[in-house]
Amino acid sequence: MKSSKIILLGLCALAAASCAKPVAKIQGAVSGASDSEIIAAKLDMNVYNILDTIKTNADGKFSYKVEVAEGQPEFLYFFHNGTKIASLLLEKGDNVSFSADTLGNWTVEGSEESEKLLQVEKDFADFAKKMDSSTESAVLTRAYVDYYRSRVKYVMQNPYSLTVIPVLYQALNPELPVFGQVNDALHFRAAADSLMKVYPESRYVKALEKEAARREQLLGLNSRLSAADEASYPDFTLKNDKGENVSLSSIDSKVVMLYFWTASNAEQKMFNLETLKPLYDDFNKKGFEIVAVALDGDKAAWASTIKSQELKWVNLVDPNGMSAALYNVSEIPSSFLIVDGELSTKSLTGVAALRQELNRLLK
């Protein structure tokens, strides 16, 4: 009889264990938020879904559990009076603690992925602050290029971390995503393939897979990759002043001058009138084309300059500066010559040297 009781108790314990829900545990401490309400929300792709309203004690502390399925980590966020006070990336069985204030500053312990997510958000906040602190196009371009390269490096160095997903979707505003170029489809695809190996059931990874496929379709990946083997210069596609997509490789001229500039600079606008227009008038019919890429966030001012100056060459706009990053441009104006489909390595100093070279090439 005693033996059967032991067996029965063992079966009950086994049943209880099998029915227990997989969870992650959170201990929170929010200074300045005693006896306050904290909102817990789960990320559902691009929106926050509220899970619970939590009450802190007199010390601003609380405990919370959230269900996390095996192999399906969850992004969990906490808010106080509309301010986000913590971002966590939780896996089944995590026991995490965080300390925060009501201004949106926090630290976290017990979760390596949450610590990575915290650093990702801090890096982006620093970048956004830097972009807001200047109005000089060259400074903004340099800041963007540096940040973009650092994010590419992060994605490549963390192929199996879900924290690369928010990195890939970072944007200063809806018109200015960090990964906004068509060629960034390659980064989305690499991240999706790596994460699918580790988290095949994650809804975040499944959504990333769909986005990677969508971007590949826009890119025309197979044809572009085959063409890239033959190209001697980085290709890109941008909007022209008519709102049409134009790729650099589509310009069919013997000599193409790739020119990076900004319409916000008076000297560069004068350069259009005094130097580029005479060159264009003299050599365009002989096989010379200018592709002017404006690194301007103010598209209206750029379009107005094109119209008022009657600039007839190919005018493109790149507010996030990705095309400039492809050519390692650190200052503007900068220019490059593409001759018969090959990027020229010949150094030309001054307009006279350029005109002499065009005379030689376009006899």
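User: Happy to look at this predicted model with you. Is H80 buried or exposed, and what is its relative accessible area?

Analyst: In this predicted model, the cut-off for calling a residue buried is under 20% relative accessible area. H80 falls under that cut-off, so it counts as buried, with a relative accessible area of 8%.

User: Thanks! Where is H80 found, and which residues is H80 in contact with beyond its neighbours within four places in sequence?

Analyst: H80 is found in strand 5, which covers residues 74-80. Setting aside neighbours within four places in sequence, the contacts of H80 are A33, S36, E37, I38, I85 and T102.

User: What separates the C-alpha atoms of H80 and I39?

Analyst: Along the chain, H80 and I39 are 41 residues apart.

User: Let's move on to R215. Is R215 buried or exposed?

Analyst: R215 has its place in helix 6, residues 203-219. Its relative accessible area is 14%. Because buried means under 20%, R215 is buried.

User: Which side chain makes a polar contact with the side chain of R215?

Analyst: Leaving out neighbours within four places in sequence, R215 is in contact with F179, Q181, D184, A185 and F188. The polar contact, at 2.8 Å, joins the side chain of R215 to the side chain of E211.

User: And helix 3: which helices are included in what covers its buried residues?

Analyst: Helix 3 has 21 residues, 137-157, and reaches 30 Å from its first C-alpha to its last. Its buried residues include Y144, Y148, R151 and V155. Covering the buried residues of helix 3 are, among others, helix 2, helix 4, helix 5 and helix 10.

Technical notes: Residues numbered from 1 in each chain as written. Predicted model: local features only at pLDDT ≥ 70, side-chain atom pairs only at ≥ 80, totals over all residues. Heavy atoms only, no water. Helix = DSSP H or I, 4+ residues; strand = E, 2+ residues; numbered from the N terminus. Buried < 20%, exposed > 50% of the residue type's maximum accessible area, 1.4 Å probe, protein only. Polar contact = N/O pair within 3.5 Å; in protein donor to acceptor, adjacent residues only side chain to side chain. Contact = heavy atoms within 4.5 Å. Expected span 1.5 Å × (residues − 1).
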